Amino acid sequence: MTTETAVAAAPADQAPPQRAPRGRVDPLVVVAALLPIAAVAVAVVVLGAAPYRVLGPNVPDLGTSLTTAVLQGIAGVAAAACVGSLAYAVLVRQRSGERRLVVDWFGDARPAAVAAAVWAVAAVALVAADAADAGGQSLSRLLVPGAPGYLFAYSYVPTAWLVTAVLAAAVAVTAFLSRAWQAHAALLGVALVAVLPPVVVTQVLVGPNHDFGSDAATIGTPAAAVLLGLIGIARLRAVLGPLPGLVSLRRTWVLLALAWVATTGTEVVIALFELWGSPFLGSPTAWLFVVRFVLLAALAPLIAAGLRSSRGATDLAALRRTSAGLLRLALVPGTLLLAVALIMARIPPPQYFVPTSVDQTYFGYDMVRSPSFAVLALDWRPNLLFLAVSAVGAGLYVWGALMLRRRGDAWPVGRTVAWLLGWAVVVITTSSGLGRYSSAVFSLHMILHMSLNMLGPLLLVLGGPITLALRALPAHGRSAAAGVREWIAAMLAWRATHVLFNPLFVFIRFVGAYYVLYFTPIFDFALRYHWAHQLMNVEFLVVGYMFYGLVIGVDAPPRPIPHIGKLGMVLAAMPFHAFFGVAVMTSKDVIAGDFYRYLSQPWAGSLLADQQTGGGIAWGAGELPLVIVIVALVTQWARQDGRVAARTDRHLDQGTDDSWDAYNAMLAKLQSRDHEPAPVAAPAADRDA
């Protein structure tokens, strides 16, 4: 019997891992890694100074442009390899037994660590190279005293690459040191964030409707990294080793399908944003978008074939051969997709040259009408990021509730209603006229802040999503590969999760966010850039969810605290909110005043009066939810005590509770000890002996 036949005969969840001999490489994957770097280098030589001339008079020399392009290619390939390795190790790789949540060093951790290290080095080099390239200067200009500081401040790209370098280095070091599945799951999240900074501060930050383009890039860039990286890593596993099992192959194609859908959908939005108003196929960017859509269309039947072949498959050897062939074909359009993306980043898109107003420069849209109640209620502008998150969150929750109902288990309707209302608050707050005007009016921003930080999280935690997931998802025994249910349980038991949910840390983060944000330049900075504004709103929602999850949530938190501690947290937070509101109301300095004055809206009144209104909103809207939480918390406390008392009485009536007998036995023992005769002192001679 051959090795392949023996593997095929083994159970799907217990396929023995196989390693490739040392020194073996897949030539196709090597070519796929080098092709994007060579393509962007050739494009730089062919394009010459044309992309720089349309933006300004400064043009760097060919050596600077070529160096920057090659480094960008290396960073792009390394980022895709890092994300693909982590996605495979965390979400795809099947393991069984006691070590199914322990990451293998050679097969999983080492590829991710090496790719992240290369990514970090390339990003560090790009801090200087991209600064010179964006400023139209040669690399030798960086040696002139004072020039580096000017070039670094000329654009946001050097700072973005610095952030990416720090995150990639953290991924490399942690992947090298840790073997825990939870740590690598967190590293996957960090790597997906690390691909964003150089993207959200460049082409999608410029021009009308850049809020749509920025949100689409925020979703699509990580999805594309998973799509392209996982194709290469899965190809390596399919032909070299450790060879994947049946579960791994199924998960590979499911994850590729999800990544393809997200990438394609967001690519449509970005294309409409960058090409809106320009002649059809009238620019190099338009033709490159056509190429990208053709390549995505070429991937679709391959991924669909992989899904069909893995669904219900029983012959592991045949499925491995089929998957290896499909991945080999998918590697070609995947590699070309990355190459085209690198080339497009070097060409100014048409939206760069569209006349842009002040409002469009900062927000992506104009705010002509005064923000009356009718305008705030009816003048909607979709916030794509929060719409997508809300749709996914609501959809998964409803699916889980339906799964329980089909199984015959009950799930409280009130929890489902609370969860859906929570996401409705998020959508209404961010996509209605309130979200549209919140960046230009401080008082409206305070309403948005209180809604995302107080009302929305308060409803979401009452939905109990973790409890629903643990009940709805199937459990996998030790002999099977860990599934989503085991992943959630592992993350809840992880020590880092306990640290993040430390009540003191959550309390300081919940209360201190107000003072750190509004009494420092951070708020002024966040208003000027769409990505920063979105990050601020995400922080509001996450911090509020963590705080209310600890004090009133249905789900058991990783660091549970008694009811008296919960009540203390809420009571301690109230004066901090009140003091913040009073401080804002009585301040004589306008928060982010330079930004608001620069907008110079014709319908804007007194900035100081509007700030006083915002302070009153922060005071009142911040205190009212906390009072409601106190009432609900006391009610929960009383109900729990009632349940404990009823359970104790029931056990006493049934004779199954021996706590009273144990208490009486303890008292009897203490009483007998008190009546024992005192020991008689021994004679002095005996003591001396």
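I began with the largest cavity, which holds about 200 Å³ of space. The model is predicted: local features need pLDDT of at least 70, side-chain atom pairs count only at pLDDT 80 or more, and totals for chains, interfaces and linings use all residues. Residues are numbered from 1 along each chain as its sequence is written, and side-chain values use heavy atoms, with hydrogens and water left out.

I noted the terms. A cavity is a set of points, on a 1 Å grid over the protein atoms alone, where a 1.4 Å probe fits but cannot get out; lining residues have an atom within 4 Å of a point. Points are joined across faces, edges and corners, and a volume is the space filled by probe spheres set on them.

I counted 4 cavities of 30 Å³ or more.

Largest cavity. I found 20 lining residues, with Tyr365, Asn383, Gly435, His530 and His533 nearest the centre. Helices (DSSP runs of H or I, at least four residues, numbered from the N terminus) came next. H10 (210–239), H18 (433–437) and H25 (530–551) each supply at least two lining residues. H25 gives the most, with 4 residues. I sorted the lining by class: 7 nonpolar, 9 polar and 4 charged. Ala, Val, Leu, Ile, Met, Phe, Trp, Tyr, Cys and Pro count as nonpolar, Asp, Glu, Lys and Arg as charged, and the others, Gly among them, as polar.

Second largest cavity. I read a volume of about 50 Å³. Val44, Leu47, Gly48, Pro51, Tyr52, Ser65 and Arg346 line this cavity. Helices H2 (27–47) and H3 (50–53) each supply at least two of its lining residues. I recorded 4 nonpolar, 2 polar and 1 charged in this lining.

Conventions. 1 Å grid on protein atoms, 1.4 Å probe; cavity = no way out; pocket = protein on both sides within 12 Å on 5 of 7 lines; lining within 4 Å.
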